[in-house]
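I opened this one up to see how its chains are put together. Here are my notes, in the order I looked things up.

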Amino acid sequence: MIEATNIKVKIGKAAILDGVNFTAEPGKVTAIVGPNGSGKTTLLRAITDEIPWTGQISINGKSIGDYKAWELAAVRGVLPQAATLAFPFTVIEVVRMGLTSGVHGNKDGLASQALARVGLSGYEDRFFQELSGGEQQRAHLARVLCQVWEPVLDRQPRWLLLDEPVASLDIGHQLLIMRCLQDYARRGGGVIAVMHDLNLTAMVADAVTIVARGRVVAQGGVQDVLNDQSLSSAYDCTLRTNTPPISDMRYVLPQAAETAGS
Amino acid sequence: MTVADNLTIPIQREDRRVKARRAHIWLAALLAVTAILSLATGPTGTSLWGALGKLITGEELTTMERVVLWDIRLPRLILGMVIGASLAVSGAVMQGLFRNPLADPGLVGVGAGAGLGAIVAIVLGALLPIWLRDIVGNYLVSFSAFFGGWLSTIILYRVSTRRGQTSVATMLLAGIALGALAGAVSGILVYMADDQQLRDLTFWGMGSLAGATWAKVIVAAPLIGIAVVASFFLGQGLNGLALGEATAAHLGISVQRLKSAAIMIVAGATGAAVAVSGGIGFIGIVVPHLLRLATGPDHDTLLPNAALLGATLLLGADIISRLIIAPAELPIGIVTAVLGAPVFLWILLRRRGLVEF
């Protein structure tokens, strides 16, 4: 369980997050959605302790302040929105950076396995900086997967904390990565992903948190949270959700202003 | 098989880790050969082999042989090795810390501080009472340079550290300001200096191993040795830092501890090196760059290889500096600059895509 209570983040004088409560359970893909500048990335960055925050954040029942840096690294992997890289490392060298001291067994095999998982087999010896944006993002995800490869370690769930993991991917790779995240959760790990694509979120998320104007405005299962009213109010535009008759999968359609029925 | 067939075969890159580890052995062998050459070369024509032969047969060495080999060439060899290693390793660590292949120890203010320290000692040392000058003698410049280097690094570190976080960007900017200030103070002292002092200053700035003595070896070598070996433990951390500070922290690296360790190591190693040998440029940029091209940027192997190659290149430059205008000596800083500057320029142009080789 990851629990964040009364999280406040200020940048300068502006309150980016204003008393946010957030929980994520292991075994589930939890999506954080919301409009640009709503504070969803800030919430993730508070949970990963990247920025100064106040409140309470605990991972698996232990306050994150009580973890040592390497203990935290063993319990959760973090994928930032944009990670840069200095120096001409190859793809496999970047992925191996995720193999921190907590990983045992065949380290090289693990890095290649992780690359296969994100659809980058055969890219091992390519220079990272020569990859396309989407490929770089998947390579970084492979690095993060390596870091917390087993979803459960010592009977404690491990966590993937991802900021827009599929933002620059084509639709095929979006599905591949989302299935990979679902699989991680099914095997007992926890996944928290800041998401932009509401339909993809509806398809794979088990729980959704909507952040708007620095506050959590809705939290719960996909069917409960992704509805016309909460989405339209959060995104400040008219949105219609629907469920096709042959499945229970929710989808969201934007409504151009002039044709909006309501 | 035709030439065309050969060209179409995909280049299978050998695992660079294997290559880099094998390079440890090659570079160590190269260093050993250069070290022997360095011992065997000099303007006096004293033969290393003759002396070794005598040692084996139990014959007495001549005084000349003992003085030249034991008191002149051997301390010079050791000092050259540790200083070369220190410059190259400091360069590699700074580049890792600043995530920039053009960074060098000058960025933490060691160079400016040490330079000012040396000038203060050379110019104001003359004002000391004679008895004190007799005691501190030749070491005054070295100690003052070392002290200056440390002091400026500590000031920079303090200025750029807020709430336990060191800002590398602030350090860079403050370093430029501090460097300008040190330059101005140096300028005033240079203005005050007499002709002999000006000459000393100029030669100090060019760098030299000519003043190598056992006393200098005993003072500088352990400090540099500890700093260089300590740097080998920063490899993983610096690799992680290549992904940025935040990501490095997510990987479990204690970024702040890494930064302070890196800065202290560089200040110690460079401070001691500059103090005993003066300003020797370009080794710190050229060596890590060549190694990154050859075996990749992995700091775990880069740092030990940089130590070996840096030591080898400085010894090589020292041999050239001793032979090229023998029996006189060219300051070694000139040799490294003449060899290093074109390479540095090539790095810059290549980075901007202006040359393709």
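First, a term I keep using: two residues are in contact if their C-beta atoms, placed from the backbone, lie within 7 Å. With that I checked chain B: among its contacts between residues at least 6 apart in sequence, 80% join residues at least 24 apart.

Ground rules next. This is a predicted model, where local features need pLDDT of at least 70, side-chain atom pairs count only at pLDDT 80 or more, and totals for chains, interfaces and linings use all residues. Residues are numbered from 1 along each chain as its sequence is written, while chains are lettered from A and ligands numbered from 1 in the order in which they are written.

**Chain B overall.** I found 16 helices and two strands in chain B (these are DSSP runs, H or I of at least four residues for helices and E of at least two for strands, numbered from the N terminus). The radius of gyration of chain B, taken over C-alpha atoms, is 22 Å, close to the 21 Å that the globule rule gives for 357 residues, so chain B is as compact as a globular protein of that length. That rule is 2.2 Å times the number of residues to the power 0.38. The C-alpha trace of chain B spans about 65 × 60 × 35 Å along its principal axes.

I call a residue buried if 20 or more other C-beta atoms lie within 10 Å of its own, exposed if 12 or fewer, and partly exposed in between, with C-beta atoms placed from the backbone. In chain B, 47% of the 357 residues count as buried. Helix H3 (residues 48–57) of chain B is hardly covered, with one buried residue among its ten. After H3(B) comes Gly58(B), and its phi is positive, near 80°.

**One residue up close.** I picked Leu79(B), which sits in helix H4 (residues 63–98) of chain B. Why does Leu79(B) count as buried? Because 25 other C-beta atoms lie within 10 Å. Leaving aside neighbours within four places in sequence, Leu79(B) has contacts that include Leu209(B), Ala212(B) and Val276(B). I also looked at Thr213(B): it is 134 residues from Leu79(B) along the chain, yet their C-alpha atoms are separated by 8.6 Å.

**Where the chains meet.** The contact takes 20 residues from chain B and 21 residues from chain A. On the side of chain B that touches chain A, H12(B) gives the most, with four residues. I sorted that side of chain B into seven nonpolar, nine polar and four charged residues (Ala, Val, Leu, Ile, Met, Phe, Trp, Tyr, Cys and Pro count as nonpolar, Asp, Glu, Lys and Arg as charged, and the others, Gly among them, as polar).

**The sheet in chain A.** Which strands make up the open sheet of six strands in chain A? I read the order as E6-E9-E10-E3-E11-E12, with mixed pairing; two strands pair if DSSP finds at least two bridges between them. Strands E6 (76–79) and E12 (215–220) of chain A stand at the edges, each with a single partner strand, so one side of each is left without a neighbour in the sheet. E6(A) and strand E9 (residues 159–163) of chain A run parallel and are joined by four bridges. One pair I noted is Gly77(A) with its bridge partner Leu160(A) in E9(A).
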